[in-house]
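Please load the model in the viewer and follow the selections below in order.

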Amino acid sequence: MPTLSVFADVPVAHKLEGSLLKTYKQDNDPSKIFLVYRVCMTDEGLPWVSLVVHKTRLQISQDPSLIYEYLPGMGLKSFVQASLELLFGKHSPVIVENRAGGVHTIGESGAFQLGAQFFRMWHRDAQTVCIISCQKESHGLVFQDMGFEVYEYCIWNPKQKRMDSNIFLSVVEQMPSGCILVIGNPVDCRMTQSQWANLMSTIRRKQIFPFFDIPCQGLSTGNLEEDAEVLQYFVSWGFEFFCNQSLSKNFGIYDEGVGVLVVVAFNNEQLQCVLSHLMRYAQALWLSPPARGSRIITTILCNSTLQEEWKLSLKAVVENVMLIKEKVKEKLRLLGTPGSWDHITEQIGTHGFLGLNHQQVQYLIKKKHIYIPKNSRINFTCINASNIDYITQSISEAVLSAKDSEK
């Protein structure tokens, strides 16, 4: 008698992402280019790693005194403390008053997994999560799986080709009271301190809980303090909040998936209570976080010489990205490409929008074998001296082709 399979009725899951990369890999055209890698790339087309990381990794691997024991559930205490000081500054009130803490998390979504579990248990009135970012974020699925109603909003205005702070302010005004607001890489919002003040007034009035996402501190402006400055505003206003602090991209240790779920509370007593539950969730999910990535980061952040070397490497990446954007804009201008391309250099960070429509994107993919997403948000570090001419010529052709079809 045949045995009935438990898996008989399980369908193939809907593919979340990666179909563009799959198509790219299947493309045999020698001129194909993929501009959607999540990591920073070098001119040689390899993932960027800060040179100080290579040196530190080697140093740690040769340390005979290292004990390979399981880490505590919350991670290395020195790692969490160094990460908090990186995010807020050593003399921040939340550090001095000992009301900021954190738990070492795994991957880019680990912090959201812990946060969602905490909200489901201890903030049950919050049924809605609103995510504001410049792109669709995968952590929306984490909240959906935990039973939250999730709404996502993009602050990129395709008509005006700019980050539109008015979208942000309008969305928050319409959010239900008591919801959770996830703010993706807040430095991208490009809001003034006055606009942030208006936003904070609304958040406080509507009792919205802020959950920040700082995915690559230092790789947006090249300035670590400026990239996390928004958090200081919320600290000065006396907010409590969560923050996902990812440390993989800005150190170039992508395969380590190192992060921290940062908690800012009103006082240390409340902080310890929250951390006790988060640590319990973390132990149930992964028992103990991996050590190597956190050891590398701690060694660098706790050594002033190494930290300065790391900061300089971040500035070098940002300056290179700015130069690439300037070259792309100038080449498009020299080619006589219709429209203004100032929006390319007005955006900050390694990723940015080209401002192309669906027809132009399809032209690049199908005719030129240049793979970019539907919203035309690309990784500018994928552009280098060997491909910039082909890319800009192709963009120009795509725009002109769309113009011709409109006639």
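Is phenylalanine 34 buried or exposed? Phenylalanine 34 is buried, because its relative accessible area is 8% (buried means under 20%, exposed over 50%, partly exposed in between, with a 1.4 Å probe and protein chains only). The model is predicted, with local features requiring pLDDT of at least 70 and side-chain atom pairs pLDDT 80 or more, while totals for chains, interfaces and linings use all residues. Residues are numbered from 1 along each chain as its sequence is written, and side-chain values use heavy atoms, without hydrogens and water.

Rings of Phe, Tyr and Trp (its six-membered ring) pair if their centres lie within 6.5 Å; planes under 30 degrees apart are stacked, over 60 edge-to-face, and the rest tilted. By this rule there are 22 aromatic pairs. The rings of phenylalanine 34 and tyrosine 37 have centres 4.8 Å apart and planes at 70°, so this pair is edge-to-face.

Then select Phe112, Phe118, Phe119, Phe143, Phe148, Phe209, Phe211 and Phe242, a cluster linked by ring pairs.

Move to helix H2, residues 51–61, where the buried residues are Val52, Val53, Thr56 and Ile60 (helices are DSSP runs of H or I, at least four residues, numbered from the N terminus). Viewed down the axis of H2, these buried residues fall within an arc of 100°, so they line one face of the helix (the arc is that of the directions from the helix axis to the C-beta atoms). Their cover includes helix H12 (292–301) and helix H13 (304–334), with contact meaning heavy atoms within 4.5 Å.

Finally, select valine 6, in the segment before helix H1 (19–26). Valine 6 counts as exposed, at 73% relative accessibility.

Methods
Helix = DSSP H or I, 4+ residues; strand = E, 2+ residues; numbered from the N terminus.
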